[in-house]
Amino acid sequence: MTDNGPLYLGFDLSTQQLKAIVIQSDLSIVSSAKVDFDQDFGAKYKIKKGVLVNEQEGEVFAPVALWLESLDLVLQRLQEQNTPLNCIKGISGSCQQHGSVYWSHEAEQLLGGLTADKPLVDQLAGAFSHPFAPNWQDHSTQHECDKFEETMGTAERLAQATGSAAHHRFTGTQIMRLRHKLPQMYTSTSRISLVSSFLASLFLGSIAPMDISDVCGMNLWDIPSNNWSSPLLDLASGGSPDDLRAKLGEVRQDGGGSMGNVSSYFVNKYNFSPDCGVAPFTGDNPATILALPLRPLDAIVSLGTSTTFLMSTPVYKPDPSYHFFNHPTTPGQYMFMLCYKNGGLAREKVRDVLPSSGSGDVWENFNKHALETAPLDVRKEGDRAKLGLYFYLPEIVPNIKAGTWRYTCDANSGEGLEEVKEPWAKETDARAIIESQALSMRLRSQKLVTAPREGLPAQPGRVYLVGGGSLNPAITRVLGDVLGGADGVYKLDVGGNACALGGAYKAVWAFERGDGEAFDELIGKRWKEEGAIQRVDEGYKKGVFEKYGNVLGAFEKMEEEILKVAKNT
């Protein structure tokens, strides 16, 4: 114990880095360290941006040995900072979703017999039936995706059961493809882990169960029945569902508590306490909603190269255009997730068409026009509302090819939707692209939100913004106009450590919760808003929010019309 009580350790194993962060019970940060895969191991493993690519087949994967070496290295770096690892009471973490690790029949014995005199990579050389883990960027499984949807009848039925339609990156389709491509490897596999349960297994010294939230990124877990889907196991296993069920193992229902104490390897090599416990690890998207005490109906919008919209909700209403996961800590709650490819890069394309302001601020002109343009460019009664789609990359939501489309409709009713023949002024696009991205989020989340207070329309409570776009005042203003946010729009600043912090907070809750104490209750009492969030917009503006509501149906109809002529095939 330190003077301020026990410490907790959170990890984030992402595509390009392994981060570790040590915090106190009061959530203050004690120390942190990271391994950059390309920088530290790029030459040895021939990786680029953390992965290897087989372009011919669309495969993207990472060497498992890289992660073993990185775990030893990041712990050495914490030691070099004199971090009191002996005071750590509990460990949890976040890992990239969908990736899978294939253990050999010798794995349990090797994990249980680790000694401190050799590194993990040497001792676990025989622990894997496959040296690589597929990465979420992999797109080699179209045939398997088709079979998954065929087996359930439609994409809608697959989403109803598993929370998502079939996706290239999801683990079930990856297992099915690898079983077919590498039958000998599959036969010699005793267990299959997600990346999150793989990292937890290293700390436990035995194979850890999968986490109740991360398991939903596989297209194999039937969320309503809270069990493996028999027809999908049958498909992925080639008719041997019991064999695949045994390889996958039981799923841990409780996101908290201890799965066991840390392996003696870490006690003897890094001076961990033998009483240090290991809580379930989860996926990086579920961990993001644990980086703050997110209340039901609060939303997080991640404004990076791509855009992600996350919300905690008690309502399970799946659809093929988005994702539902079990909440990582709270039974009966779900995580709703939308992923867009056309995020920051699309906004930059619109920005770069505008003349430079010459001030050195590349966003100055874009922001000026976005803020000076009226909502939907309706300046006076009778003006038609302007709507557009700006896809410089093929989009996932909706499933539309790259292209730009511009439409207008009646601003009060949304009637009379029609495509414009000539593009409007490029200055108008600055506001229109932000509105377009926000309208898509509002359209798809509208079934999940309720009125936060009497007299207000249905909308999120708070909207938290993270990522590079959260620093832009025009983007934050327009998002607040469209999405609302009865309790305001906030910029969340956790220095790029949201997932690692989510893992560390999960460890605090896992080991310190009272009987029935929810994650957001415990963390909410200790989380200090000062320094972590900044209010950047008032959110809901009476009259403005309703203007966007008037054209939401027209926006949906516009997408449907474009889908008829420009659907991805």
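**Salt bridges, pair by pair**

Modeller: Arg406 and Asp429 form a salt bridge, with their closest N and O atoms 2.9 Å apart. This pair links distant parts of the chain: Arg406 lies in strand S21 (residues 403–410), Asp429 lies in helix H16 (residues 426–445), and they are 23 residues apart. A salt bridge here is a side-chain nitrogen of Lys or Arg within 4 Å of a carboxyl oxygen of Asp or Glu. Helices (H or I, at least four residues) and strands (E, at least two) are DSSP runs, numbered from the N terminus.

The model is predicted: local features need pLDDT of at least 70, side-chain atom pairs count only at pLDDT 80 or more, and totals for chains, interfaces and linings use all residues. Residues are numbered from 1 along each chain as its sequence is written, and side-chain values use heavy atoms, leaving out hydrogens and water.

Now the burial of that pair. Arg406 is buried, and so is Asp429. Buried means under 20% relative accessible area, exposed means over 50%, and partly exposed lies in between (1.4 Å probe, protein chains only).

Next pair. Lys541 forms a salt bridge with Asp481, and the closest N and O atoms are 2.7 Å apart. Again the pair links distant parts of the chain, 60 residues apart. Lys541 is in the loop between strand S25 (533–537) and helix H20 (544–550), while Asp481 is in helix H17 (residues 473–483). Both Lys541 and Asp481 are buried. They also belong to a network of salt bridges. Its linked residues are Arg431, Glu435, Arg477, Asp481, Asp537 and Lys541.

The side chains of Lys147 and Glu150 meet in a salt bridge, at 3.7 Å from N to O. Both residues lie in helix H5 (residues 142–152). They are three residues apart, about one turn of the helix. Lys147 counts as partly exposed because its relative accessibility is 30%. Glu150 counts as exposed because its relative accessibility is 53%.

Finally, the wider count. A search of the whole structure finds 27 salt bridges. Among them are Arg406 with Asp429, Lys541 with Asp481, and Lys147 with Glu150. In general, side chains of opposite charge can pair when their charged atoms come close.
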